[in-house]
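Here is a short note for a colleague who is opening this entry for the first time. Please keep the viewer open while reading.

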Amino acid sequence: MTQLAAQTALVTGANGGLGREFVNQLLARGATKVYAGARNPETIDVNDPRVVPLQLDVTDPDSVARAAEVAGDVSLVVNNAGISLAARVLDDDTARLRRELEVNLLGPLAVTSAFPDQLAARSGVVVNVASILAWIALGGSYSVSKAALGSATDSMRLELGPWGVQVVGVYMGYVDTDMASGVEAPKSAPADVVRQVLDGIQAGALEVTADDMTRAVRDGLAQPVDERYAPFLPEAAEAHDQEHHTTTGEPS
């Protein structure tokens, strides 16, 4: 079990909804210091002397190296920074896919690889914030990047686990943050997601599924792929519409 009291944490994307919540809840659980990483540290608005705003662009090797020099006492890394551009995976222009991979996959890898000795020396923790869309490919290029992060999380665990480092993968559906502001669907509260993640860390969990829909998708991964995706295929939608018209008497 990992105690969060007296930990020194680094949170990437700390100026966003989930990132800000990670900072606040880590402080509430007794963290000694939290490095709040953001491309523009002036956007960090948590007023606590234990918070150290830190300039950090996870796609810039020089920025990551500078952050590692400043935050040499880190024992917990939360790879929270991410973007969603949701391009079609077969678009001729791959710029958006490449950008998502840079931020959502290569960013966490770069940040984590900057702190292996510190994490091993302190039996530390790495948290990678993925998505339900890593398991159900409805998010286009975003799903690709988060699926890659999920796989990378497992690889990190195999590499860092023997050194006593706990590597936690986090999966959830829509969360009520700016990233999902244009989505009309049920959303989890950031505070609830982060609470579950921190509870999971303390319990020694290696994976956190933060809502019922994500848990259901996780449970369904053993299904054959055609069954798993059947509800989302056009034929299924048409069949549903036809059934609706039949039972309601509406014209088709």
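Is Val175 buried or exposed?

1. Val175. This is a predicted model. In it, Val175 is buried, with a relative accessible area of 5%. Val175 sits in the loop between β6 and α6. From Val175 to Pro116 the distance is 30 Å, C-alpha to C-alpha. In sequence, Val175 and Pro116 are 59 residues apart.

2. Confidence. The average pLDDT of the protein chain is 91. A score of at least 70 is reached by 90% of the residues. Two stretches need care. Over residues 236–241, pLDDT stays under 50. The model has two contacts beyond four places in sequence for residues 236–241. Over residues 243–252, pLDDT also stays under 50. Here the model has five contacts beyond four places in sequence. Where pLDDT is low, predicted coordinates should not be read in detail.

3. The largest core. The largest nonpolar core holds 32 residues. Val23, Leu26 and Ile201 have the most contacts inside this core. Several elements give two or more residues to it: the strands β1 (8–11), β2 (33–38), β4 (76–79), β5 (125–129) and β6 (166–171), and the helices α1 (17–28) and α6 (190–203).

4. Val23 and the second core. Which residues does Val23 contact, leaving aside neighbours within four places in sequence? They are Val11, Ala14, Val34, Ala36, Val46 and Val51. There is also a second, separate core, of 20 residues. Among its members are Leu54, Ala68, Met156 and Leu160.

5. Side chains of opposite charge can pair when their charged atoms come close. The model has twelve salt bridges. One of them joins Asp199 to Arg29, with the closest N and O atoms 2.9 Å apart. Asp199 is in helix α6, while Arg29 is in the loop between α1 and β2, so this pair ties together parts that are 170 residues apart in sequence. Asp199 is partly exposed, at 32% relative accessibility. Arg29 is partly exposed too, with a relative accessible area of 22%.

6. A salt-bridge network. Arg29, Asp192, Arg195 and Asp199 are linked in a network of salt bridges.

7. Two further pairs. Asp212 and Arg215 meet through their side chains in a salt bridge of 2.8 Å, N to O. Both lie in helix α7 (residues 212–219). They are three residues apart, so about one helical turn separates them. Asp212 counts as exposed, at 59% relative accessibility. Arg215 counts as partly exposed, at 31%. Elsewhere, Arg50 forms a salt bridge with Asp48, and the closest N and O atoms are 3.1 Å apart. Arg50 is partly exposed, at 27% relative accessibility.

8. A nonpolar surface patch. Which residues form a nonpolar patch on the surface? They are Val89, Leu90 and Val144. Together they have about 270 Å² of accessible area. Val144 belongs to helix α5 (residues 141–160). With a relative accessible area of 36%, Val144 is partly exposed. A patch takes residues with over 30% relative accessible area, so Val144 passes that cut-off.

Note on methods:
Residues numbered from 1 in each chain as written. Predicted model: local features only at pLDDT ≥ 70, side-chain atom pairs only at ≥ 80, totals over all residues. Heavy atoms only, no water. Patch = residues over 30% accessible without salt bridge, like charges linked within 9 Å, V, L, I, M, F, W, Y side chains within 5 Å. Areas by Shrake-Rupley, 256 points an atom, 1.4 Å probe, with all protein chains shown as cover. Salt bridge = Lys/Arg side-chain N within 4 Å of Asp/Glu carboxyl O. Helix = DSSP H or I, 4+ residues; strand = E, 2+ residues; numbered from the N terminus. Buried < 20%, exposed > 50% of the residue type's maximum accessible area, 1.4 Å probe, protein only. pLDDT = per-residue confidence, 0-100. Contact = heavy atoms within 4.5 Å. Core = buried A, V, L, I, M, F, W, Y, C linked by side-chain atoms within 4.5 Å.
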